[in-house]
Amino acid sequence: MSHSHTKPPVPVALRVKAIETLLTEKGVLGTGVVDAIVDVFEHELGPKNGAKVVAKAWADPEYKSWLLKDGTAAIESLGFSGFQGEYMVVVENTREVHNVVVCTLCSCYPWPVLGLPPNWYKTAPYRSRVVLNPRSVLAEFDLHIPDDVEVRVWDSTSDVRYLVLPERPAGTDGWSEEQLAALVTRDSMIGTGICRLAA
Amino acid sequence: MAGTGSLFDFDPLSIEIAGGQSDHVDAPKFVQPWHAQAFGTSMALSRAGLFTWAEWVETFSTVIRNVPPWPGEDSNSVYYRQWETALETILLQKGILGADEISQAAEDWRKSYLATPHGQPVEFTRGLEERIGEGGDEGHHHHHHHDGRRPEPIAVSPARIAAAG
């Protein structure tokens, strides 16, 4: 047993450990600061937040017009802010217009309302092709945009984060915000999907 | 330019997103602990005021352009490898940490693992072995300014026929 040892992680993981160790030793970062941020991302931020925003907009016309006019403030009023969601723009899907969001440079994403981005959002094929040919990329998501609908592609940056307000599914008149929120999918708020249909 | 295959052929990890249901509801989690650690470290540094998030995005997007995936590397792995490279780049740029001291501490961590009996917690110990790191750095930095004007779509695919009344 004297030769027992612990297998080290891959080199890049060791460098990340080294960086955090050094930053803590030098007093640049306090102990536990990184873990606290990770915990928020793993447990508090996610598409359920965005679904609440969407459901409220569907249920409350005044909130909806505020949301479309000043997304940042309207979203913050529900308690979702910070973490680079400082300037939020909400774009509305209608019978005439379908919106889809990308970050062409890297993976800028509205974290407070959607959490971490899905893998495909971070890939080079999505980042380049959705700009060049949005309709065919959306078709790969099984989302076939009719020919009489305009497709707008929005490029998220470090300054501006976009959230799509999807169309409210038919047959949901009189539904509560909780019921409505359950229909909202993550991809519908990126623009690569639509909401679930009312059961 | 863009690949010829389907978006989902590109990455086995994302296949479930095309057909799955639960994936549309929840945000993905960090796959490896070091992914979370790298992500959280960049965010913590920015929140502590050591660089702006715009500076981070500029550095990260430059790395994404200049550091290609390895053959067979899945998109999530390359993404966080690029993230770590960007983190080192901006730490160097800002004079917060040097490449040599990161390499040395990484080597000390590796030796610390090897010196720890299996099943026991690994404690960081310096000087278990002397070795000079290889360093490494990123080159160019392009500037991408996004002034806060009225947002416009980056692309528009117009309606191809008139809208039905």
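At 36% relative accessibility, Lys94(B) is partly exposed, a class lying between buried (under 20% relative accessible area) and exposed (over 50%), with a 1.4 Å probe and protein chains only. The model is a predicted one, in which local features need pLDDT of at least 70, side-chain atom pairs count only at pLDDT 80 or more, and totals for chains, interfaces and linings use all residues. Residues are numbered from 1 along each chain as its sequence is written, chains are lettered from A and ligands numbered from 1 in the order in which they are written, and side-chain values use heavy atoms, with hydrogens and water left out.

Lys94(B) forms a salt bridge with Glu55(B), with N and O 2.6 Å apart; the term denotes a side-chain nitrogen of Lys or Arg within 4 Å of a carboxyl oxygen of Asp or Glu. Lys94(B) is in the loop between helix 4 and helix 5 (99-114) of chain B, and Glu55(B) is in helix 3 (residues 53-66) of that chain, so the bridge ties together parts 39 residues apart in sequence. Helices (H or I, at least four residues) and strands (E, at least two) are DSSP runs, numbered from the N terminus. Glu55(B) is likewise partly exposed, at 28% relative accessibility.

Over all chains, the structure contains 15 salt bridges. One of them links Glu88(B) to Arg15(A), with 2.4 Å between the closest N and O atoms. This pair joins two chains, because Glu88(B) belongs to helix 4 (residues 75-93) of chain B and Arg15(A) to helix 1 (residues 11-25) of chain A. Both residues, Glu88(B) and Arg15(A), are buried.

Within chain A, a salt bridge connects Arg152(A) and Glu150(A) at an N to O distance of 2.7 Å. Arg152(A) has a relative accessible area of 30% and is partly exposed. Salt bridges also link Lys56(A), Asp60(A) and Glu177(A) in a network.

Chain A contains eleven helices and four strands, and its C-alpha trace spans about 70 × 35 × 35 Å along the principal axes. Of its 199 residues, 59% are buried. Among contacts (heavy atoms within 4.5 Å) in chain A with a separation of 6 or more, 66% are between residues 24 or more positions apart. The accessible surface of chain A, from the Shrake-Rupley method with a 1.4 Å probe, is about 8000 Å², and carbon and sulfur atoms contribute 54% of this area. Chain A carries 19 positive and 25 negative side chains, the centres of the two sets being 6 Å apart. Lys and Arg count as positive and Asp and Glu as negative, without His and the chain ends, and each charge is placed at NZ of Lys, CZ of Arg, CG of Asp or CD of Glu.
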